[in-house]
Amino acid sequence: MHLNIHHDTEQDCLTLQFGEHFDFTVHRAFHDACLGDRKPARSYIMDLADVGSMDSSALGMLLLLREHAGGDRAEIRIVNAGSALRGTLRVAGFDKLFVLH
């Protein structure tokens, strides 16, 4: 499991940088950083630069974050995804729910 978390307190932006796998192994760290009783940040950046694979639990975590952060009002950007991951996100319809860069 590899997950780096950075909170820019001035901009209230939470950035998560994932390791090679974005899957259930990061669930607890993801939940502790983004969800639970924690007040939502103003914005989120999910950096997938190092991610080679993601599973359905990763998609579920992103959906939970979107709901927690305000649904349609949420500002969540998914950045640096490789072409295979971008394809997976598009097939799942996530390009309509999140900003993909």
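## A briefing on a predicted protein chain

Among contacts in the protein chain between residues at least 6 apart in sequence, 66% link residues that are at least 24 apart. Keep in mind as you look around that this is a predicted model. The chain has three helices and seven strands, and along the sequence they follow the pattern β-β-β-α-β-β-α-β-α-β.

**The chain as a whole**

- The radius of gyration of the protein chain is 12 Å, close to the 13 Å that the globule rule gives for 101 residues, so the chain is as compact as a globular protein of that length.
- Taken along the principal axes, the box filled by the C-alpha atoms of the protein chain is roughly 35 × 30 × 20 Å.
- How much of the protein chain counts as buried? The share is 43% of the 101 residues.
- The protein chain exposes about 5800 Å², and carbon and sulfur atoms supply 49% of that area.

- Strand E4 covers residues 43-47, and five of its five residues are buried.
- Are the faces of E4 covered or uncovered? Both are covered: Ser43, Ile45 and Asp47 are buried on one side, and Tyr44 and Met46 are buried on the other.
- Strand E2 (residues 13-18) runs parallel to E4, and five bridges join the two.
- Which residue of E6 is the bridge partner of Ile45? That partner is Arg77.

**Aromatic rings**

- The structure has four aromatic pairs, one of them formed by Phe22 and Phe30.
- The ring centres of Phe22 and Phe30 are 6.3 Å apart and their planes are 35 degrees apart, which makes this a tilted pair.
- Why does Phe22 count as buried? Its relative accessibility is 0%, and buried means under 20%.
- Phe30 counts as buried too, because its relative accessibility is 0%.
- Phe94 and Phe98 form a stacked pair, because their ring centres are 5.4 Å apart and their planes are at 25 degrees, under the 30 degrees that stacking requires.
- Phe94 has a relative accessibility of 5%, so Phe94 counts as buried.
- Phe98 has a relative accessibility of 5%, so Phe98 counts as buried.
- Phe18, Phe22 and Phe30 make up one aromatic cluster.

**Arg42, in a loop**

- Where does Arg42 lie? Look in the loop between helix H1 (27-34) and E4.
- Arg42 counts as partly exposed because its relative accessibility is 47%, which falls between the 20% limit for buried and the 50% limit for exposed.
- Not counting residues up to four places away in sequence, Arg42 touches Gln11, Asp12 and Glu75.
- A polar atom of the Arg42 side chain lies 3.3 Å from the backbone oxygen of Gln11.
- The side chains of Arg42 and Glu75 make a polar contact at 3.3 Å.
- Arg42 and Gly71 are 29 residues apart along the chain, and their C-alpha atoms are separated by 12 Å.

**Two residues of helix H2**

- Arg66 lies in helix H2, which spans residues 56-68.
- Is Arg66 buried or exposed? Arg66 is buried, because its relative accessible area is 15% and the limit is 20%.
- The side chain of Arg66 reaches the backbone oxygen of Leu97 at 3.2 Å.
- Leaving out residues up to four places away in sequence, Arg66 touches Gly71, Asp72, Ala74, Ile76, Leu97 and Phe98.
- Ser57 also has its place in helix H2.
- With residues up to four places away in sequence left out, Ser57 touches Asp23 and Phe24.
- Which backbone atom of Phe24 lies 3.0 Å from a polar atom of the Ser57 side chain? That atom is the backbone nitrogen.

How values were computed
Residues are numbered from 1 along each chain as its sequence is written. This is a predicted model: local features need pLDDT of at least 70, side-chain atom pairs count only at pLDDT 80 or more; totals for chains, interfaces and linings use all residues. Side-chain values use heavy atoms; hydrogens and water are left out. Buried means under 20% relative accessible area, exposed over 50%, partly exposed in between (1.4 Å probe, protein chains only). Helices (H or I, at least four residues) and strands (E, at least two) are DSSP runs, numbered from the N terminus. Two strands pair if DSSP finds at least two bridges between them. Rings of Phe, Tyr and Trp (its six-membered ring) pair if their centres lie within 6.5 Å; planes under 30 degrees apart count as stacked, over 60 as edge-to-face and the rest as tilted. The radius of gyration is taken over C-alpha atoms; the globule rule is 2.2 Å times the number of residues to the power 0.38. Contact means heavy atoms within 4.5 Å. Accessible areas come from the Shrake-Rupley method with a 1.4 Å probe; for residues, only the protein chains shown count as cover. A polar contact is a pair of N or O atoms within 3.5 Å; within protein, one must be able to donate a hydrogen and the other to accept it, and residues adjacent in sequence count only if both atoms are side-chain atoms.
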